[in-house]
Amino acid sequence: MNAVAVPVSVESAAPVRIERERSGDAAAIDALVLAAFGPGRFAKTAERLREAAQLAVGFTAFEGERLIGSVRLWSIMAGEARSVFLGPIAVDASSRRGGLGAELVQACIEEARATKLDGVLLIGDPPYFSRFGFVAAPDAVFSGPVDRRRIMWLPITDVAPVGPVHPVA
């Protein structure tokens, strides 16, 4: 995906660009995610999965030279489904409410479709993610505690996420 200018807010000093994550972005992304979610995220099952999985791709949002958003996709298998695990999505507090999170999710969906995966799995807010086509995934089994009502799947093929969720390293 090439860089895309996204109008986030009329108050923005510079247009927002969404582009592929670069290796030099890692420290700024880590700081943004920590600011958005705090240290409690390290105790979550989703974090255990991300720690063991290979990063498939990440997307960043920059306003000028300032990182204001990021999202990552992690290589996983969900049963027999070749998939990616989406998250975390982090947007700087001063840039929320402008639709940037949705633009980052859309970049992930386009990437998953282009790479011909079976789907995208996440743990998230059903009212937010259902607008992108995500549905409940009650048969995807994580190795730790999760709120099963928040496990969601975006189907790209007919293969469903039935069974254990494993990282692909």
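## Basis of the model

The model is predicted, so that local features need pLDDT of at least 70 and side-chain atom pairs count only at pLDDT 80 or more, whereas totals for chains, interfaces and linings use all residues. Residues are numbered from 1 along each chain as its sequence is written, and side-chain values use heavy atoms, with hydrogens and water left out.

## Largest pocket

The largest pocket has a volume of about 930 Å³. A pocket is an open set of points on a 1 Å grid over the protein atoms alone, where a 1.4 Å probe fits, with protein on both sides within 12 Å along at least five of seven lines; lining residues have an atom within 4 Å of a point. Of the 35 lining residues, Phe37, Ile89, Ile123, Phe129 and Arg150 are the closest to the centre of the pocket.

Several elements each supply at least two residues of this lining, among them helix H1 (26-37), strand S5 (81-86) and helix H3 (100-114). Helix H2 gives the largest share, four residues. By class, the lining has 18 nonpolar, seven polar and 10 charged residues.

## Aromatic pairs

The structure holds five aromatic pairs. One of them joins Phe129 and Phe132, which are tilted at 45° between the planes and 6.4 Å centre to centre; rings pair if their centres lie within 6.5 Å, and planes under 30 degrees apart count as stacked, over 60 as edge-to-face and the rest as tilted. Both Phe129 and Phe132 are buried (under 20% relative accessible area, with exposed over 50% and partly exposed in between, for a 1.4 Å probe and protein chains only). Ring pairs link Tyr128, Phe129, Phe132 and Phe134 into a cluster.

## Salt bridges

There are 11 salt bridges in the structure, each a side-chain nitrogen of Lys or Arg within 4 Å of a carboxyl oxygen of Asp or Glu. In the bridge between Asp30 and Arg72, the closest N and O atoms are 4.0 Å apart. This pair links distant parts of the chain, with Asp30 in helix H1 and Arg72 in strand S4 (residues 66-78), 42 residues apart. Asp30 is partly exposed at 40% relative accessible area, while Arg72 counts as buried at 13%.

Within helix H2, Glu47 and Arg50 are three residues apart and thus separated by about one helical turn. Their salt bridge has its closest N and O atoms 3.1 Å apart, and both residues are buried.

Methods:
Rings of Phe, Tyr and Trp (its six-membered ring) pair if their centres lie within 6.5 Å; planes under 30 degrees apart count as stacked, over 60 as edge-to-face and the rest as tilted. Grid points are joined across faces, edges and corners, and a volume is the space filled by probe spheres set on the points. Ala, Val, Leu, Ile, Met, Phe, Trp, Tyr, Cys and Pro count as nonpolar, Asp, Glu, Lys and Arg as charged, and the others, Gly among them, as polar.
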